[in-house]
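The following paragraphs lead the reader through a structure.

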Amino acid sequence: MQGNEACVEGALDAGVTFYAGYPITPSSEIAEDFAAKLPRVGGKFIQMEDEIASMAAVVGASLAGEKAVTATSGPGFSLKQEIIGFAGMIEAPCVVMNVQRAGPSTGLPTSPAQGDVMQARWGTHGDHPALVLCPSSVADAYLLSFQAVNWAERFRTPVILLLDETIGHLRERVILPRKDEMVIANRKQPQGSPESFQPYDILDEDLIPPLPPYGSGFRFHTTGLYHDETGFPSNRPEVTHRLLERLHQKIDKYKETLFLYETYGLRQANQLIISYGASARSAKAAWRIAREKGLLVGLLILKTIWPFPEEIVTQVGHDKNNIVVAEMNRGQLIGEVERVMDKRIPVRGAQRADGVLITPEQILAKLEGVN
Amino acid sequence: MELEKYFRIEKLPHIWCPGCGHGSVMMSIVKGIDKAGWDPTKVVVVSGIGCSSRAPGYMNFNTLHTVHGRPIAFATGIKLANPELKVIVITGDGDGAAIGGNHLIHACRRNIGINVVLFNNQIYGMTSGQYSPMTPQGSMATTSPYGNIEPPFDLCELTRSAGANFVARGTVYHLPKLDNYMEKAFAREGFSYVEAISQCPTYYGRRNKLRSPLEMLEWQKKNAVDIKKAQDMDPEELKGKIVTGIFAEKDEEEYTSKYDQLISSVQGGKK
């Protein structure tokens, strides 16, 4: 199975019934696969006139009660940013799959890169939270796609599945979990009557309001302006403060359950490699070679990159004397690792941003005692 | 009165300036919904950004105030997700003709069952009076301080050519006619476009020697030409006139019903 195809399978198994998109390399297989598969399950696929319209249609479909997804790559991801922010502000569940290519601009459409790490975090304007998942195998693509849909529903937020060209186009054998082992999450529905319904009234401890679909009898107003519990605009400082804080808290509160990662050979390790996405495959090869050479190296592969798993990185990295962060950009996630380590431990970057997959040798070269 | 149930009375007074035509257009839409007999819980009113786009806030339906220029794209997602919903888009000449122009023509082409009502006040009101793609040539605006040299868009001609099932243009001055266009638009399957010429005394009138809302309405009265009469007039005579009336009335098949058939045939083929 191909990585892009696995994203579609994971999303469908999570209950996705709507896709809107625009053709762009290297993500087009996702659109093609949804176009073929959605009508078979009674779902809807539409190829919109542009990237922005695709994002808008996804949010519209989400409000009409569907689990909705779009997919894109760098240039399209840039175009979608305004409406990703809108989805966050109105709390519309949706998933954006970004199969990264080398940028900036049109860049290298069929080459791998991880240059959108910071854009996935900060691409849309304003001080918003972000939930971003990074698969480093085809199996991951399936599982994280499923997870992304679930989290979008549970937290009422856009979730970004950040692939790269290598993982998107990679074909490998995967054993998918049994469907009865997968737990599907659905957005909360209101308990009271339509007459007493206030769309942003926070009644539950999880800080997440229910979202009834259009046409279900619950009539309410939704706006990207700051709004109070009734959904209508307000510029009162206490209202704006409360909304922005809640948007962050509803995710922060569950942060530790959101950190997905893998670790290898941590016991007795005095050096650590941290990586994610396709780079993590080279990192794993580098780790294996280092181990064979007798070096005490550990490996941390991050699947959740935003919110940044600060606690995990601290826990795993605090007792090391060298940390290498391997990524296909000029150094994006390394900044977070440096911040967490606060100069107590040297942090080195193994970086590559020329459209070629980073090699194990490049990563090995940053470890101590290799030669 | 009878139509009050369609409004969120507690949200009034509205934000529009004294003499603005937008309230009249909003009322015309509500009358159309009432005539259509739609269940208010099945009606979704979507808007973009601008003065007209604030109307849904006062209307007691499912209402969605989106981002600038994209309400038709949001509405497309809503309608395709649940074709039982009655989806109305409220947009303006900036939102619908400038930043949102591409979505408008593609929604016409698909002939998706969305009813677009464009409040054309010929100016960017919310941002205090910049010229729009529908500002008449020669008009003064904050960004055309020496007069606008761009010709205005005729969106009725555009939407008709692009495939809309129903297209009409009316004015706030000729309200009963506008009510009639709304009724016809909402009764028809497929995409409809109704343009309502509205007036902005604050940012258009004051700069263009139309000193009061009344003068602006008189301008509408004087310059409106019925489409049937316009057919016999030469282009020189039609310069600066507003052609009103019904531009298209067709029964081409609607997009979501075609998609539902596609689903049936794909699922049927599998079994």
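**From one residue to the whole assembly**

Asn322(A) has its place in strand 12 of chain A. The model in which this residue is seen is a predicted one. Asn322(A) has 18 C-beta neighbours inside 10 Å, and it therefore counts as partly exposed, since a residue is called buried at 20 or more such neighbours and exposed at 12 or fewer. Apart from its neighbours within four places in sequence, Asn322(A) is in contact with Gln271(A), Pro346(A), Arg348(A), Leu367(A) and Glu368(A). A further pairing in space can be given for Asn322(A): Arg344(A) is 22 residues away in sequence, and the two C-alpha atoms are 10 Å apart.

The view may now widen to the strand itself. Is strand 12 of chain A largely enclosed by the rest of the structure, or largely open? Strand 12 spans residues 322–327 of chain A, and five of its six residues are buried, so the strand is largely enclosed by the rest of the structure.

Which strands pair with strand 12 of chain A? One of them is strand 9 of chain A, residues 271–276, which pairs with strand 12 in the parallel sense over five bridges. Within strand 12 of chain A, Asn322(A) is the residue that stands opposite Gln271(A). Another partner is strand 13 of chain A, residues 347–351; strands 12 and 13 run parallel and are joined by five bridges. In this pairing Val324(A) has Arg348(A), in strand 13 of chain A, as its bridge partner. From strand 12 of chain A the chain crosses to strand 13 by way of helix 12, residues 334–341, and this β-α-β crossover is right-handed.

Chain A is divided into domain 1, residues 3–181, and domain 2, residues 263–364. The centres of domain 1 and domain 2 of chain A, taken over C-alpha atoms, are separated by 26 Å. Between these domains of chain A, 22 residues of domain 1 are in contact with 20 residues of domain 2. On the side of domain 1 of chain A that touches domain 2, at least two residues each come from helix 5, strand 5 (132–133), helix 6 (138–155) and helix 7 (165–169) of chain A. Helix 5 of chain A gives the most to this side of domain 1, with four residues. Sorted by class, the side of domain 1 of chain A that touches domain 2 has 14 nonpolar, five polar and three charged residues.

Chain A also touches chain B. How many residues does each chain bring to the contact? Chain A and chain B bring 35 residues each. The side of chain A that touches chain B is made up, by class, of 19 nonpolar, nine polar and seven charged residues. Strand pairing also links the two chains: strand 7 of chain A and strand 2 of chain B, residues 62–65, run parallel and are joined by three bridges. Opposite His221(A) stands Thr63(B), in strand 2 of chain B.

Some details of the backbone remain. A cis peptide bond, with omega about 0 degrees, joins Thr25(A) and Pro26(A); Pro26(A) is found in the loop between strand 1 and helix 2 (28–37) of chain A. In chain B, Leu12(B) and Pro13(B) are joined by a cis peptide bond with omega about 5 degrees, and Pro13(B) lies in the segment before helix 1 (22–36) of chain B.

Positive phi values in residues other than glycine deserve a look as well. Ser105(A), which is not a glycine, has a positive phi of about 55 degrees and lies in the loop between strand 4 (94–100) and helix 5 (117–122) of chain A. Is Ser105(A) buried or exposed? Ser105(A) has 8 other C-beta atoms within 10 Å and is therefore exposed. In chain B, Gln122(B) has a positive phi near 65 degrees, and Gln122(B) is found in the loop between strand 4 (114–120) and helix 5 (155–162) of chain B. Gln122(B) is buried, because 25 other C-beta atoms lie within 10 Å.

Terms used
Residues numbered from 1 in each chain as written. Chains lettered and ligands numbered in written order. Predicted model: local features only at pLDDT ≥ 70, side-chain atom pairs only at ≥ 80, totals over all residues. Pairing = 2+ DSSP bridges. Right-handed = clockwise from strand over helix to strand, strands pointing away. Contact = placed C-beta atoms within 7 Å. Nonpolar A, V, L, I, M, F, W, Y, C, P; charged D, E, K, R; others polar. Domains from an automatic or database assignment.
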